[in-house]
Amino acid sequence: MRLFLSLLARNRLALAGGIVLSFVVLLALVTPLLPLADPDVTNTADRFKPPFSEGALLGTDHLGRDLLSRLLWGTRLSLAVGFAAAIIAATVGAAIGIIAGYYGGRTDNVIMRGVDMLMAFPYILLALAIVAALGPGLMNALIAVAAVNVPFFARNIRGITVGIAHKEFVDAARLAGLSDTRIILTEILPNVVPVIVIAMSTTVGWMILETAGLSFLGLGSQPPQADLGSMLGEARAALITNPHTSIVPGVMILIIVMSINLLGDGIRDALDPRLRSGALSRPMAATLVKRATPAPEPREEGVLTLTDLETQFHVGKRIYRAVGGVSLHVAPGECLGVIGESGSGKSVTALSIMGLVASPPGVVTGGSARFGETELIGARYETLRSLRGDRVAYIFQDPLATLHPLYKIGDQLIEAIRVHHSVSRSEARARALKLLEDVRIPNAESRLENYPHEMSGGMRQRVGIAMALANDPDVIIADEPTTALDVTVQAQILSLLNELRQSRGLAVIFITHDFGVVAQLCDRVAVMYAGRIVETGPTGAVLERPAHPYTKRLIACVPELGGGRRELHAIPGLPPAVDALPPGCAFAPRCDKAAEACRQGNIDLAGTGDRAVRCLDPEAPLTEAAE
C-alpha cells in the first residue's frame with residue numbers, strides 16, 4: 001500500500017485529481033451539517049438572483065430556490081448514484097466475466113454472446129429503453145446506468161480470467177481437490193481485483209455523466225429532488241438570460257468528472273507492475289547526468305576510455321548503485337571482454353557510455369566516458385545521436401526485441417545508413433546488400449525483403465551485426481550477442497566478429513558470461529562484481545593464473561571436456577543487493593579467504609604492468625601471474 005501511494009503521489013495530475021475529488025466528497029458528506037437553506041423551498045419573488053447576492057452566494061434559480069444549497073445536495077446525490085452504479089456494474093460484470101472465463105466452452109459462448117448482444121446497442125439508447133420500461137425515477141436511472149456498463153466489465157474480466165484459469169497454480173488447486181467456487185474465490189478473484197479497481201476508477205466518471213444525462217432528459221431525479229443533471233435540465237430555458245443557473249451545476253460536473261478521470265489514470269498507472277521499477281513519466285532522450293565533481297581526466301589511452309564511471313538507479317528513496325566507479329579502455333583492433341554474474345553491472349556500464357540507460361530512474365553520478373577527444377557523459381543529445389550507430393555501435397542480446405517487427409530487414413538497414421549519411425536510397429540499398437553478404441547471410445538479395453520474424457535467431461543476430469557495421473564504426477559494444485544461440489551458430493558468430501575486427505581494425509567491448517568465448521575472442525578481460533572491476537589483464541594470464549578469488553571461482557564453474565572428472569564448484573551465496581552494498585570488499589561474504597580487513601574501508605584496484613586486482617590477499621601475486 002505504501003508503494004502504491006508513493007507511485008500515485010508522483011503523478012502530479014493524479015494527485016491533484018485526488019485532492020479535488022476528496023474535497024468534493026468531503027463537502028458532500030458534511031452538507032447536512034451546513035447552515036444551508038432548504039433546497040426545495042420556492043420563492044418566486046427572489047427568482048434569478050445573480051451570484052453573490054445577499055442570502056444567496058451562488059444566486060437563485062427560476063423558482064427562487066437557493067443554488068448553493070441545491071448544488072451541494074445535488075452533488076451529494078449524483079456522487080452517491082454514480083458510485084453505486086459503478087459498484088453494481090463492477091460486481092455483476094466481474095461475476096459474469098469470471099464465470100465465463102473460468103468455465104469456458106459452452107458456458108463461455110452462451111454468456112459472451114448475450115454480452116455481445118447488449119454491446120450491439122448504443123449504451124445511451126439502451127439506458128433510455130430500460131428507463132422507459134421501468135419508468136422515470138432516480139433509482140431506475142441507477143439501474144439503467146449500471147446495466148449498460150455491465151458488458152464493459154464482463155468482457156475485461158473475462159479476458160483476464162481466461163489467461164489465469166490455465167495457470168499452474170490453478171491446476172495445482174484443482175489437483176488439491178478444491179471446489180470450483182473456492183478456486184474462484186481464493187485463486188482467481190484476488191488476481192482480477194486490481195483490474196476491477198482500475199476499470200471502476202476509469203469509468204465512474206462516465207457513469208455520473210450518464211446519470212446526469214438521464215436526469216437532464218427528465219428520466220432521472222424528479223422534481224423537486226435535485227441532482228446535477230436535473231439542475232441543468234431546469235436551467236436550459238434560461239441559458240441565455242441567466243447563464244449562472246446552468247454554469248453552476250455544469251462546472252461542478254466538469255470538476256467531478258475531470259478529477260475522477262485524472263485520479264483513475266493515476267490508479268491505473270500505480271497498479272501497473274511494469275511501472276513500479278521507475279517513474280511514471282516518459283524516459284528522457286539521454287541518461288540524466290548529475291556529477292558532483294567535474295569529469296576526471298583519463299588515466300589510460302584508447303579509442304574509448306571510461307574513467308571512474310558511476311551509474312545509479314533512483315527509485316523512491318532507494319538508490320541502486322549499479323556501476324560503482326568503472327575504469328576501462330579499448331584500443332583500435334582490440335577486443336576487451338567484460339565478464340561477471342548477472343547483475344554485476346556489465347550491461348548498465350555499456351549502456352551508460354552512450355546515454356542509453358533509461359532516465360528516470362537511471363542517473364550517471366560520476367566519472368567520464370571519452371570517445372577520442374569527445375566527452376560522452378553529459379554531452380548534448382545532438383552529439384550523442386550523431387555518434388550512436390555511426391562511430392559507436394551496439395549489438396544487443398536479443399535482436400528480435402531491437403529490430404522493428406513491422407519493417408523489412410532491408411528498410412531498417414537502409415534507414416540506419418541514411419540517418420547518418422546523405423546517400424540515395426538505391427546506394428543505401430546496395431550498401432545494405434553488401435553488409436548482409438559480409439555477415440555471410442545466404443540469399444542476401446531475398447533476405448532484404450524479409451521481416452524479422454521470418455528469420456532464425458542466428459540470422460537475426462547476423463542482421464544485428466550488419467546493422468552495427470552499417471556506418472563503419474570505430475567501436476562495437478556487443479552485449480551478450482551469442483547467449484540465445486546454439487553452439488554451432490555461436491561459433492560462426494564469434495568467428496565472424498573476430499574476422500571483421502581484424503579486417504576493419506574495430507575496437508570491440510564484448511560482454512559475456514562465458515569464459516570459453518573470452519578465451520576464443522578477447523585480447524584482454526575485465527571481471528566485474530557488484531558494479532566494480534575486481535580484476536583485469538591479458539586473457540591468457542587471467543585464465544591461467546587468476547588473482548581474485550571471484551575470478552578463480554568463476555573459472556572453477558566452467559566444465560572441461562577431455563580433462564577427466566572434475567568437480568564443479570558453485571559459488572556459495574548470492575551477489576549483494578546494490579542498494580545495500582557491504583563495506584569493504586563486496587565479495588567478502590562469499591569468499592573463504594575473507595579476513596576482517598576485507599570488510600572495512602575501500603579496497604582499490606591495484607596492479608603491476610598490465611594486471612590489476614581489487615583484493616588484499618590475491619590468489620597469485622601479479623608479478624607471478626603475469627609471467
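**Side-chain contacts**

User: How many salt bridges does the count come to?

Analyst: A salt bridge is taken here as a side-chain nitrogen of Lys or Arg within 4 Å of a carboxyl oxygen of Asp or Glu. This is a predicted model, in which local features need pLDDT of at least 70 and side-chain atom pairs count only at pLDDT 80 or more, while totals for chains, interfaces and linings use all residues. Residues are numbered from 1 along each chain as its sequence is written, and side-chain values use heavy atoms, with hydrogens and water left out. By this rule the count of salt bridges comes to 34.

User: Which residue forms a salt bridge with Asp 61, and is that residue buried or exposed?

Analyst: Asp 61 is itself buried, with a relative accessible area of 5%, where buried means under 20%, exposed over 50% and partly exposed in between, using a 1.4 Å probe and protein chains only. Its salt-bridge partner is Arg 70, with the closest N and O atoms 3.8 Å apart. Both residues belong to a network of salt bridges that links Asp 40, Asp 61, Arg 65, Arg 70 and Glu 234.

User: What kind of aromatic pair do Tyr 529 and Phe 587 form?

Analyst: Rings of Phe, Tyr and Trp (its six-membered ring) pair if their centres lie within 6.5 Å, and planes under 30 degrees apart count as stacked, over 60 as edge-to-face and the rest as tilted. The structure holds 6 aromatic pairs. For Tyr 529 and Phe 587, the centres are 5.3 Å apart and the planes make an angle of 90 degrees, so by the cut-offs the pair is edge-to-face.

User: Which residues do ring pairs link into a cluster?

Analyst: Tyr 529 lies in strand E10 (residues 524-529) and Phe 587 in the loop between helix H21 (549-556) and strand E12 (606-608), so their pair ties together parts that are 58 residues apart in sequence. Both of these residues are buried. The cluster linked by ring pairs consists of Tyr 529, Phe 587 and Tyr 550.

Definitions and conventions. Helix = DSSP H or I, 4+ residues; strand = E, 2+ residues; numbered from the N terminus.
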